[in-house]
Amino acid sequence: MAKNTIIPFGPQHPVLPEPIQLRLVLDEERVVSAIPVVGYVHRGLEKLAEQKDFLQDTYLIERICGICSFIHSLTYSMGIESMMGLTPPPRAQYLRVIWSELHRMHSHLLATGLLADSFGFENLFMQLWRTREHIMDAMEATTGARVLLGTCCIGGVRKDVSEELLKSVLQTLVTVEKELDEHMPVLLNDYSVKQRLCGVGILDKQVAYERGAVGPTARASGIAMDLRTQGYAAYGELDVEPMVETDGDCYARTKVRVRELYQSLNIIRQAIGKIPSGSINVPFKTKPDGEVISRAEQPRGEVLYYLKGNGTDMLERLRVRTPTFANIPPVLAMLAGCELADVGVIVISIDPCISCTER
Amino acid sequence: MFTIIGNVFKNLRSKYATRLYPYEVRTPFAGARGKLEIDPDICIYCGICAKRCPANAIAVTRKPDKTWTLDPYRCIVCSYCVEVCPKKCLHMNPKHRSQE
């Protein structure tokens, strides 16, 4: 029997947008197992959050991730609100949904673009990122910032959006949908793309369940799990269904993201159609006291916040479990038995966010 | 196999998607959080902005001189200070900081 070789994949690798090292145990060109090494971008944000007051934390928490930033601050705010017994006004809940879904769209376009880049399809990568720019512009026009929106606050949102701006968002969605209709058949039907994605990195439903996969990774393996169906923010009043595929390979994960892009278009249109008028936040004077677990569906999967308050300005403990953290054990199962050349595609197919994971 | 060919020809005919930055700068969106500015005539140097700033980017002194200093490299442009200012002397300029 040949002797196994261990080669490092990352932390700096052309395919990886962020630093994670996978020590690949190889038998010839085939991966036997992978050992993950994390800790390259740990910033100690959980500890820092305990030293700031709970209002300042809203802006700090947003900086855990540069892609799903709004949903981080939303989950944190929902946790603090449930501790203090606050209910944000309906208009704020709808605005939260609109910004969350814009975030999901730009994140999925980024992820599918990076996937295209990982198997060398640079043209498609640039087309998808060009489409993403329309969404970034819509976010900047409605909130004042491209990524770190800074609009979610305890008790609602900080900024209202005028009817004209909501109409301009709808216009943007028309452009985005037209471009998606052009690019998505390439991503899903192209012969060479299918050759790289179909049957690669298969995650069985049972393994996905046992290893705690979340988000599109779990849904692509046939697990109908989407926290939006639980109805947080205004999702309860909108038509949301989990997008489920059963193949469990890289192609299925991509397909789930593509279907979710169209679903997000639909959800934003529903939300803009139903958004009520009224106030956008509720005043409060209390301090957070008690313990709470707050969850929300990020583009990459379920994020979980554990918050513990003690009736003062400072939180006693803040703990974040991000979706990529939950998706690392499943990706190790996908890597076992794959070809070395497929490692990059498989890792990118879960849309890893290492800065999130290490906080 | 040739699914993207049509898109390639379309791109050859269409305009550039990018600009020649910094020679050509996009007009900022109204209400964009570009950079923080202060009107020193209205400021009472109460220091609330410095106390609330999540990034400790603002420093305010009252003695011996009244000063208000912003560290632009620490500022995270969240505009929380603008919200809490009792005299509304702080505002966000939609234009971003340029290369200086």
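Helix axes are taken here as lines fitted to C-alpha atoms over the stretch in contact, with angles running from 0 to 180 degrees between N-to-C directions. In this predicted model, the axes of helix H4 (residues 90-118) and helix H10 (residues 250-274) of chain A come within 9 Å and cross at roughly 155°. Angles over 145 degrees count as roughly antiparallel, and H4(A) and H10(A) are therefore roughly antiparallel to each other. The crossing in which H4(A) passes H10(A) is left-handed.

Sorted by class, the contact comprises 13 nonpolar, 4 polar and 5 charged residues.

Elsewhere in chain A, 3 strands form an open antiparallel sheet in the order S6-S7-S8. Its edges are strand S6 (289-298) and strand S8 (315-321), each of which pairs on one side only. Neighbouring strands of the sheet are turned by 10° against each other on average, direction ignored. Strand S7 (residues 301-310) of chain A pairs with S8(A) in the antiparallel sense over 6 bridges, and A:Tyr305 stands opposite A:Val320 in S8(A).

Helix H11 (residues 323-335) of chain A lies across S6, S7 and S8 of that chain, and runs at about 130° to S7(A).

Key
Residues numbered from 1 in each chain as written. Chains lettered and ligands numbered in written order. Predicted model: local features only at pLDDT ≥ 70, side-chain atom pairs only at ≥ 80, totals over all residues. Pairing = 2+ DSSP bridges. Helix = DSSP H or I, 4+ residues; strand = E, 2+ residues; numbered from the N terminus. Contact = placed C-beta atoms within 7 Å. Parallel < 35°, antiparallel > 145°, perpendicular 65-115°, else oblique. Left-handed = near helix turned anticlockwise from the far one by under 90°. Nonpolar A, V, L, I, M, F, W, Y, C, P; charged D, E, K, R; others polar.
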